[in-house]
Every structure is written in structure tokens, then in C-alpha cells.
Amino acid sequence: MSTSLSTSGPASGQPPIADAGPLALCAREPRVPAERLVAEMVPPPRFDSVRFDTYNPDPAQPSQTEAVTVLSGFAAGLGGAHASGAGKRKWFQKKAPAPAAGPRGVYLDGGYGVGKTHLLASLWHATPAEPALKAFGTFVELTNLVGALGFQQTVQTLGGHRLLCIDEFELDDPGDTVLVSSLLSRLVEQGVALAATSNTLPGKLGEGRFAAADFLREIQGLSAHFRPLRIDGQDYRHRGLPEAPAPFSDEQVAKAAYATPGASLDDFPGLLEHLAKVHPSRYGALTDGITAVCLTDVVPVPDQSTALRLVVLADRLYDREVPVLASGVPFDKLFSEDMLNGGYRKKYFRAISRLTALARDAKPLVSQ
């Protein structure tokens, strides 16, 4: 699926270190067709090869082993005909009877880095159905798909699927709550099985953000679709490792960017401004072909809107295993105490966790 990508030269303000300069995310303005959004609803590259037998449960956390057992059985149970009929139902066929009452999905609840996405992707791979009958995407990507296709077309597109996997299920506003609640209800009626990950139990998703009665009522409706499955444990990305690597100098970052084919080089404050001009659904395309992201002058994020955009970019970079080399403040200083104690704290801690992992991956880019 093609993507239009307008670019213009390397990042400004950096002295040339080689004849060919690095790319610049700030110079990219991707245009993503709606068809690509549908075609890319598969596990991201980082999780292409994961399976249940590549997940390493922590012996001290029996809930991790239990999760593998439950999800393996769940996948096996999806091996028969679609609950609304085999394959995709044609528009002129009568609607099949609704499936039996009860949860039509599993909900993986746990902290950061306990392997929830690994397990969710393993479920997708283990489900005995062709890829066209399985969908995998983050909550943000799902809402972006509805925005691109429209509600009815999204129901029609996903309604013949065997399984829909939703990663990072976090509801940020009442509008998204109603939208996704309605979408999942329609898909469950058509026999689609659901699986989701989040850092919060379904009945607790709205706490700390909104307290409107209608919002909480929608949350309770969503929770009825899932069997909660708790996964305890520590963040595997930080087990026995330092919290955040020390940043490099501007000169080291620029030199590495010029020496690394396919690397990008951007001034961090300039990149934050550019992200405001690109829809978050296009952040994946923004990184197409990038082998490493090099950032100079990393500073604390100034406001919550900017912070939430950075969270989405961090997710896309992590999914694609793109190392991030940076100067300035360390990544665990990106967000203010107010942000880390506020309603979106789970997103910010996830971003710190993922950017820290990518910063470790970037260390070999700097010549010793």
C-alpha cells in the first residue's frame, strides 16, 4: 500500500559531517490512504515472530503462566466457523443469530512491561484463521480507522472477522468511550471475538480522568464483553537495568546521525511542533524507512496535548524497533510531576518505559 511522503532536506542547524546528510522527521508530511490503515491491522514488526512458547513467564508470578494457558485455550476455541457463519457475510444475507450470552473476549490487565502485547500478538498468531479474518491494532489506531472509514464501514469491514485484538485500551474522553462501546457491541453481535490489553481493569478505566455518570455507565457496559485476566510482574525492560541511559552530547548525536544510513536528525522542540501538524494516525508513516531517530536538545514536554502526541510517536517507534539517540534531559525527565500524577499517568509511564528501551538500543550508534 503506497503512502505519499513529502520531504525536504536534513534537519537544519547541524554541521555537515559527511557528504550525505541524515533525514528529518520535521521535513516529512505523510499522506496515508484509508486502505493502508486496514491492511496494517496486524501485529507490529517487533511482534512478528512472538508466540506463546517464546513468552518467558516469571516463576515468581504464577498469573503469567496462567495467562498463557487461558489464552492458548481461547485461541483454540476460535478454530471453528465464525459465530455468524463461515467467512465474511455478504450484504444480502440475513443476519445470523447473535452468539450465546456471556463474555466474548479476554482482557489482559497488568502493569508496564509484563508482556501483555507479546501475549496479545501470540493470541493473534495462534488463532486458526487467515490473516484477513483477524485484526490487531492499538485503541488509537482503532479510533483512527473509524475516523477514516466511518462507523458503518468499519463495522462492515471488521464484522466478518474471527478476532479483533486491541492493544493499550485506554479511554481518554467520553466521545471515544461511546464510539468504541458501540463498535464493540456491534461486532460482538456479529460473532467477533475480542481481546484487549490495558493497564487498568475494564470497570476502572475512567477513574482519575472523568466522573460523568454517562461515562462510567459506558465503561461498565464495555467490561461485560470481557473476562478480566490479571497479569502480575515487573517491567521486563527494566529488570536489573538502569532506569534511563545518560543522554549524549549534541555533537555525538549529530555525528551518529550522519554516520548511520537511514537515520533521522531533528531538534526535539522543533519535532514537538511538527507533531502538532501531523495527525497521530500518520505517525507510523512518518517513520517509514527510518533506521534510527536522533534528537538534539531534549527538554521536558511543555504541556499535556504535546505530551500525548509524543506518547503516540513513542508507541510507533517502539512497535517498529527504531532506536532513539538523544541529547538533553534523560527520558525519565520528559514529563512533569503533575503529568505523572494526573489522569494520563499510565500513558506517560509507558512512554518513558519504551523510550528508555529504545535509548538502550541506540547506544551502539555512538563510536566509543
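**View 1. Five strands make an open sheet in the order β4-β5-β6-β3-β7, with parallel pairing.** The model is a predicted one: local features need pLDDT of at least 70, side-chain atom pairs count only at pLDDT 80 or more, and totals for chains, interfaces and linings use all residues. Residues are numbered from 1 along each chain as its sequence is written, and side-chain values use heavy atoms, with hydrogens and water left out. At the edges sit β4 (134-138) and β7 (226-231), each pairing on one side only. On average, neighbouring strands of this sheet are turned by 15° against each other, direction ignored. Strands here are DSSP runs of E with at least two residues, and helices are runs of H or I with at least four, numbered from the N terminus; two strands pair if DSSP finds at least two bridges between them.

**View 2. Strand β3 meets β7, and helix α3 packs on the sheet.** Six bridges link β3 (residues 105-110) to β7 in the parallel sense. Look for Val 106, whose bridge partner in β7 is Arg 227. Helix α3 (residues 116-126) touches β3, β4, β5 (163-167), β6 (193-198) and β7, and its direction makes about 165° with that of β5. Contact means heavy atoms within 4.5 Å; axes are lines fitted to C-alpha atoms, for helices over the stretch in contact, with angles from 0 to 180 degrees between N-to-C directions.

**View 3. Thr 138 belongs to strand β4.** Its relative accessible area is 10%, so Thr 138 is buried (under 20%; exposed is over 50%, partly exposed lies in between, with a 1.4 Å probe and protein chains only). Leaving aside residues up to four places away in sequence, Thr 138 touches Ile 166, Asp 167 and Arg 316.

**View 4. Another open sheet has three strands in the order β8-β9-β10, paired in parallel.** Its edge strands are β8 (263-267) and β10 (324-328), each pairing on one side only. From one strand to the next, the twist averages 15°. Between β8 and β9 (residues 292-298), which run parallel, there are five bridges, and Ala 263 stands opposite Ala 292 in β9. Helix α9 (residues 268-275) lies across β8 and β9, at about 110° to β9.

**View 5. Here is the confidence of the chain, with a mean pLDDT of 83.** This score is the predictor's confidence in each residue, from 0 to 100, and 79% of the residues reach 70 or more. Over residues 83-101 the pLDDT is below 50, and this stretch has 27 contacts in the model beyond near neighbours in sequence. Residues 208-212 also stay under 50, with 13 contacts beyond four places in sequence.
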